[in-house]
Amino acid sequence: MFSPRRFHTSQDTDTERKNLSTPNILTPKRKMTPVSGITPVNRRSEMYLRSRDASMASPSIASAYNTENYVIEVSASLPILVSETASSCGRDTDISAKFSENGWAWLICKRTLYVWKFKQVASKVNQHLCKEFSLSSESSHSHADLACVGSTTSKDDGVVSVIVLTNTGGVRFWPNIIRSITSSSKTTIGEIDVDGGEELLRVLAVKGNSYIAATTTGALYHLCTMGVNISCTRLRNSQGVLTGIGRRVSSFFFASGSKVDLVDLVQLQSPADSSCDIVMLTATSLQRWQISSIHQTGAGDQLVSELDIGQLLNESVCQAIWNSSRSDLTMWPLDIKVHIKQKQLALLMACEDRTTSTTVLRLCICVCPLSIFGDGTSSGQDVQVFLLDHKEIMASETDCETFQYRLLIPNTTDRANHAIVWKRNRVIIKSLTNESGANEEYLQLKSGDCILGAGQFSDEAVLLEPSNGVLTVTPSQTMPMIFQKFEEKMNKMESPAAATQKLSGADQGDEKGSGSQDVNCLQSAFFHFSRHNTSHARSIIEESFTGSQGQKSLNDAVVFMSQQLIDDYPALDPRWAESLPRDGGNVSSSSLILQHQLNDKQKAHHLFLDFLGKVSIWNRLGASTDPKSIRKSCAQWDLIEHGEKLFAASALREKHVEHQGIFDLAIRKVLDKRGNFPSKSGLTPQDVFFREISKIHDIFDCLLELEEDLLVGGSHSSIDMFKAVAGVNDIFQATLAAAYDFRNMRGILQLSQGIEFCPWTVHSGRHSMRETLLRQHEMIFSHGLPEADGNQQRALLHLHAATLADMILSDYKLQMESLCDVPTLSARYEEVSESFKRCRNAVIRPILDAGLLDKAVSLAEKYHDFGVLLEVCDRRDDQKLLSGYVAKFENLGFMDFLVSWFLERRKFRRLLEYTTSESTSSPDNRAKICDILSSHPRISWLHQIKSGDFTSASLTLRYLADVEVDSSAKKRHYTSLSKLAVAFSDEPEHSICHSIEDTNSQLAILKYQETLPNVVLEKLGLTLESMPVFPVERLIKLYIGEENSDANEVDFMKALDLLDFLAKDSEKQMTDDDQDLSVDDFKYLIWCKAIMKDRWVDIEAGADALKSSGHTIFSKTLELASKAGALAQCLPDANTLLEQPDLAALKKNDVSHYLIRMNLEHYQRQLAMA
């Protein structure tokens, strides 16, 4: 298991020799040598801490981190040596700290240990002692969890020992660091032989001068000290008990090099004096071990109970997160602490919330009694789960930020006990009572501040923060002003019972407009909530608001009371005495300073929202059912809007000093429009404006009006005009950013479904925030940038333009998301979507045209403006970037848009370069591209040619030729390319020959069209380049018709030749006028037209009648057909020909009749003789 090794000491040889025969003492591995480098490094290690003034600690700690319910203050300063070391460390430096309950603290930085006394107890040890020790080891490292500092006896009589372990098993032990000041230091060094692949992770001090060391896989080692000697025993499972200590869970601590199973160790108080119990938390189980005293090492150490944490906690955690049982819960244990006074264990767990598309992790604290170990079975009935509101997104399986959280439970006996969840840059304080109205406090440390360690002393939580020192976290004893006011109201009544009756059962004669009796009931419940009587508050709500009418009344009362809070009067300000309501208002603030009044209103509104959640009102709030309402709303959204406006007002007030000129003018303009300009009471316009938070948005349109008046006036300098635009931009951005931060914290889209998201920053119309922002964005480019002087000013306005665009489009995005999954609002979704596209182009296009490609691309990527992305790729000629967008937006139709975009701009070469590049050479991409291009045949054949698919290219080109009617030249082009493509295809030989033959026929028809006489083209107003495609019957008529006034026998012969193609193409190309004509009909039409070209009545039948009519077109055409060998196909029947209506007049003339028949008979005999 492990080979015993000698723990070397710096004592004399006799002592060492005596130790060799002592049982359970490790035998030496090598000859003992004096140990150097373990004693204090230099004189600084023995120096006493010089006390620092209170001013040395950061004076801003209280104002920066104090909350409504908790006080964070500096309780002790750090030794100068520790402070200098901590402050000089970089962000990635391996540094950690820890506290013991007897007032000692230690910090390990790299390979140096610092030990000091941070709190004085009944001890002989000087409080200002600080020592530095070197942990010289190049191949291993240590941290604060692998060290223990404290008195070796319960009397704390000045004997303070220190033990430090390394991850590889090294052990260093100082029996008494106090005596090292006056005598030689005695230090023991040794090594625990851990199994391969294991590392030490924790060490815990237990009773009887002994320690328990644990490895990453959960193996335990019991170390006992006797003077300067140390014995070591590995703990083993008892027979018949689950042997799960060595199990490894690969999903825990993803970023760790080894698969960690151990989480932490805690010690329990044991009724037996000779032993103690510890609890070990692993990734899958809770194990309770009984540890023997120093005199019974190894004999009494045993595993007495093991519980499966999944079985223990699964049901309770699922109920807390989803209010239902689930079998697919994924949990990770992060930490464990024991509450000695309440005999409870608290486990910090990270749970995967599967209700969202991203991997969201929720933190929860599971509190269970120590009695769960009583019979060795697990039961979740007594487990309490406290779910934290804070959520974190785990970007990937290598993202272990969430798993760095640790837990701290102060050992108080108060009912309002709390837990602290912390990591280096964040502290979350969570109340551990279900009946308290206390809030969960979330503290994000300022840049440069960090928590290096935590612990507790005298039942108070202590944190080590280098720039401030040792901080304590204690609950605040001050009741919020809003609660004090309600308490005063209740105390004026006869009794609490009578007060409740009066507030919840108001007379029927109460005014109905504001629902005063409903508001009184709500205030009564709020009062009881402030007294930690949550159950009574809940019962008041349940009794007062029942049925559908009660639901509407509850909605109205909650929104009314919320607006009262944000529009509350500062009652303690005597200037407002005449304006106060009869009951004095809610008095959410006692301050006379405007900024503090806004902060107090934020706290009061936060308390109100917390009250709504704790008494189960929040989830009951629904949509507005008022049929007169133009805009459907939701009570929850109204409350969030109030919170947004509070945050916006605070940001607005902070910007007042910076832009006081235009700001004061805008406030005066707002008050003038409202008609409530302050009277002679001494109130300033700012007092009046910032009192009514619900109308804070009025300032924005007035700011824009003042800006427009200044810019179009023309009497101001360029610098003044620039400052006006930049100042209004700054006010807009800071104010709305604060509002959006509050909105994001509350998860606006999860509040209600089936209603269009339409808050105060979205309302349509001339005076809406959206319209105002669009006008301001346009103002930047039309007036701001032309007046900017220098790159710095232009860069500032460019940044403002991008930020405003982002704000405008983010609201559009939320609005569309609220509509997209509601079938009844599909028409509205299409309307908003079209508006969004127009707006997106209006705000991003100017940024792109200004040459700000990076900013335009960032916005286009976020809001899917594919046109901008393609234009940027085209400008930069960046094929790799384009391929990245295709992959990124493949499910959003980017490829279809890409093809259409290039085709519309006739950028065929760029399109082909992309579609045939190596990045799209995979089979999936090729298939996708071919599918998309199939609807664009004019470019798809080029892709098919470049891809080597000649068969498909030939078919596509043939299709293009068949549908081409506007240009005979294009038809010949497509037909010729089709013939060439099929010749190179992989089709069978007979198929290729057939295709070529068919193609040749089409080319022949085009040849006849291209050889139309010039007189025909002139009459038609065409050229060979502009000539459309004529069907065969149209060509025949052009050759023999009136257009061809100079037609000769060659033209008529061409018309007869076209009869061969007419049989194939007449059905698909014949016009409506010619659909009743057959091929024979066209043949007789041609001969009729040939006969009619001459005046037959003027011909005399002489001795040689054939010769006398030989000059006619009819005779010449017959002769030409005879020479061409085409008589058999085109020679007409004499009787049928003469029966044609066009020849009716000639038939009456005997000479003409004779000559026509004689010519036909001559060629019929000639054909018969052949």
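This is a predicted model, and the mean pLDDT of the protein is 77, with 76% of its residues reaching 70 or more. Confidence is lowest in helix 1 (residues 13–19), where the mean is 31, and highest in helix 19 (residues 853–863), where it is 92.

- Where pLDDT is low, the predicted coordinates should not be read in detail.

**Helix 20 and helix 22**

- The axes of helix 20 (residues 866–876) and helix 22 (residues 894–904) come within 10 Å of each other and cross at roughly 60°, which makes helix 20 oblique to helix 22.
- Helix 20 passes helix 22 in a right-handed crossing, and the contact is made on one side by Phe866, Gly867, Leu869, Leu870, Glu871 and Asp874 of helix 20, and on the other by Phe894, Phe897, Leu898, Trp901 and Phe902 of helix 22.
- Sorted by class, the residues of this contact between helix 20 and helix 22 are eight nonpolar, one polar and two charged.

**Helix 7 and helix 9**

- Helix 7 (residues 516–530) and helix 9 (residues 547–566) have axes that come within 9 Å and cross at roughly 70°, and the two helices are therefore roughly perpendicular to each other.
- The crossing of helix 7 past helix 9 is right-handed, and helix 7 contributes Asp518, Val519, Leu522, Gln523 and Phe526 to the contact, while helix 9 contributes Ser553, Leu554, Ala557, Val558, Phe560, Met561 and Gln564.
- In the contact of helix 7 with helix 9, eight residues are nonpolar, three are polar and one is charged.
- An α-helix has 3.6 residues a turn, so residues three or four places apart point the same way, a rule to keep in mind when reading lists of contact residues.

**Helix 25 and the residue after it**

- Within helix 25 (residues 937–946), the buried residues include Pro937, Ile939, Ser940, Trp941, His943 and Gln944.
- Gly948, which lies just after helix 25, takes a positive phi of about 85°.

Note on methods
Residues are numbered from 1 along each chain as its sequence is written. This is a predicted model: local features need pLDDT of at least 70, side-chain atom pairs count only at pLDDT 80 or more; totals for chains, interfaces and linings use all residues. Side-chain values use heavy atoms; hydrogens and water are left out. pLDDT is the predictor's confidence in each residue, from 0 to 100. Helices (H or I, at least four residues) and strands (E, at least two) are DSSP runs, numbered from the N terminus. Buried means under 20% relative accessible area, exposed over 50%, partly exposed in between (1.4 Å probe, protein chains only). Axes are lines fitted to C-alpha atoms, for helices over the stretch in contact, and angles run from 0 to 180 degrees between N-to-C directions. Angles under 35 degrees count as roughly parallel, over 145 as roughly antiparallel, 65 to 115 as roughly perpendicular and the rest as oblique. A crossing is left-handed if the near helix is turned anticlockwise from the far one by less than a right angle, and right-handed if clockwise. Contact means heavy atoms within 4.5 Å. Ala, Val, Leu, Ile, Met, Phe, Trp, Tyr, Cys and Pro count as nonpolar, Asp, Glu, Lys and Arg as charged, and the others, Gly among them, as polar.
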